[in-house]
Amino acid sequence: MTGAPRPPRTLVVRLDSAGDVLLAGPAVRAVAAGSSYTALLCGPQGADAGALLPGVDDVLVYDAPWVGLDPARVTREATRQVLDTVRAGRFDRALILVSYHQSPLPVALLLKLAGVAWTAADSEDYPGSLLDLRHHRLPHRHEASAALDLARACGFPLPPGDDRALRVATPPDTTALTGGEPYVVLHPGAAVPARAWSPDRARRAAAALAAAGHRVVVTGGPAERELTARVAAGHALDLGGTTGLRQLAGVLAGARVAVVGNTGPAHLAAAVGTPVASLFAPVVPAERWGPYGVPHVLLGDQREGCADSRARNCPLPGHPCLDGVGDAEVLAAVAMLADGTTSPRTHPRPNASPSPPTASLSHPPTGTGRPPGTERGASV
């Protein structure tokens with residue numbers, strides 16, 4: 001008499017940035033619930049986020065030459081290294097998570113060469129023998145829900161009681177950094193300039209928030225120290241460059257509201273349950289990339305000419321979609337979220353399109369073509 005089959009060793013692939021990896025979190029938990037071992041293969045920009053995800057046993061890193069804003073060169077050495085790393089993991093299955101506009105086939109080829117017998121992904125391109133399960137994404141699906149759909153199609157449903165929310169390991173207490181009084185986080189930067197306020201506009205917002213009685217904490221990465229100092233000067237506590245991702249999770253967890261663009265910290269705020277005043281430039285669609293599963297207010301004109309362009313730098317004079325957002329709109333959004341006057345903090349139903357609680361102060365996108373300066377294979 002034989003026992004029950006051993007659950008598979010499973011590899012989840014998400015090669016983009018920290019925000020993409022955080023959005024993969026619910027799908028990773030679903031995979032982990034049905035696997036004996038779960039590893040995450042991600043790019044260098046996503047590794048720290050991967051280490052925060054519940055259910056991940058190991059994080060493997062590969063700087064893929066078809067991903068990111070500054071892609072790595074194609075080399076035999078790097079290719080051999082990722083093949084050896086994946087082969088050593090003895091994975092039975094692999095799920096490749098990609099954005100709606102990306103192809104999973106380059107990494108699918110590498111996984112097959114590394115000996116992974118069964119692979120699955122969303123793919124509109126004919127995969128030949130590279131995929132054992134070619135899944136078709138539902139239209140207008142949020143990235144987090146699309147990843148969950150793929151996991152379910154592969155036999156990895158979320159376990160009972162899992163609320164589908166973004167989640168990270170318990171963040172640290174960062175009171176020593178922020179102080180004990182209530183505060184609002186303003187995160188002015190983004191990897192893609194088109195998705196953030198201009199520095200002067202962010203500085204004026206910090207001043208307006210402070211004048212309205214909010215204690216403001218400005219956050220940013222090590223490369224953003226000059227930006228955060230400029231934004232915070234005279235109005236806010238500047239934590240630019242002082243927090244790693246785990247500490248930033250603690251700072252965001254302690255905030256009443258996070259004011260942030262479409263960038264990784266917006267998804268990190270959602271993962272720790274903090275409402276988001278989302279400065280969302282329409283260069284990518286909010287229905288796919290907006291804050292997931294927490295109350296949020298969408299700020300920014302979604303009808304601007306850059307809509308759906310995936311532009312890295314704003315192609316329009318004056319960055320109107322975001323810099324045109326007035327102080328009154330920002331203050332109203334923060335007040336609404338801080339007071340809990342949006343709908344309750346709930347999460348999407350398992351078979352529903354994601355509709356995190358939201359109050360929109362913007363307009364639906366129209367999409368108007370692709371101006372110069374757009375990017376191909378963009379990642380959030």
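**Close-up views of a predicted model**

View 1. Leu 239 lies in the loop that joins β9 (237-238) to α10 (245-253), where helices (H or I, at least four residues) and strands (E, at least two) are DSSP runs numbered from the N terminus. This is a predicted model, in which local features need pLDDT of at least 70 and side-chain atom pairs count only at pLDDT 80 or more, while totals for chains, interfaces and linings use all residues. Residues are numbered from 1 along each chain as its sequence is written, and side-chain values use heavy atoms, with hydrogens and water left out. With a relative accessible area of 5%, Leu 239 is buried (under 20% relative accessible area, with a 1.4 Å probe and protein chains only). Setting aside residues up to four places away in sequence, Leu 239 touches Leu 177, Thr 178, Val 217, Val 218, Gly 220 and Val 251, contact meaning heavy atoms within 4.5 Å.

**View 2. Packing of α2 against α6.** The axes of helix α2 (residues 25-33) and helix α6 (residues 143-153) come within 7 Å and cross at roughly 15°, the axes being lines fitted to C-alpha atoms over the stretch in contact and the angles running from 0 to 180 degrees between N-to-C directions. Because angles under 35 degrees count as roughly parallel, α2 is roughly parallel to α6. Pro 26, Ala 27, Ala 30 and Val 31 of α2 make the contact with Ala 147, Leu 148 and Ala 151 of α6.

**View 3. Two cysteines.** Cys 42 is buried at 0% relative accessibility, and Cys 321 is likewise buried, with a relative accessible area of 2%. The structure holds 0 disulfides, a disulfide being a pair of cysteine sulfur atoms within 2.5 Å.

Notes: Buried < 20%, exposed > 50% of the residue type's maximum accessible area, 1.4 Å probe, protein only. Parallel < 35°, antiparallel > 145°, perpendicular 65-115°, else oblique.
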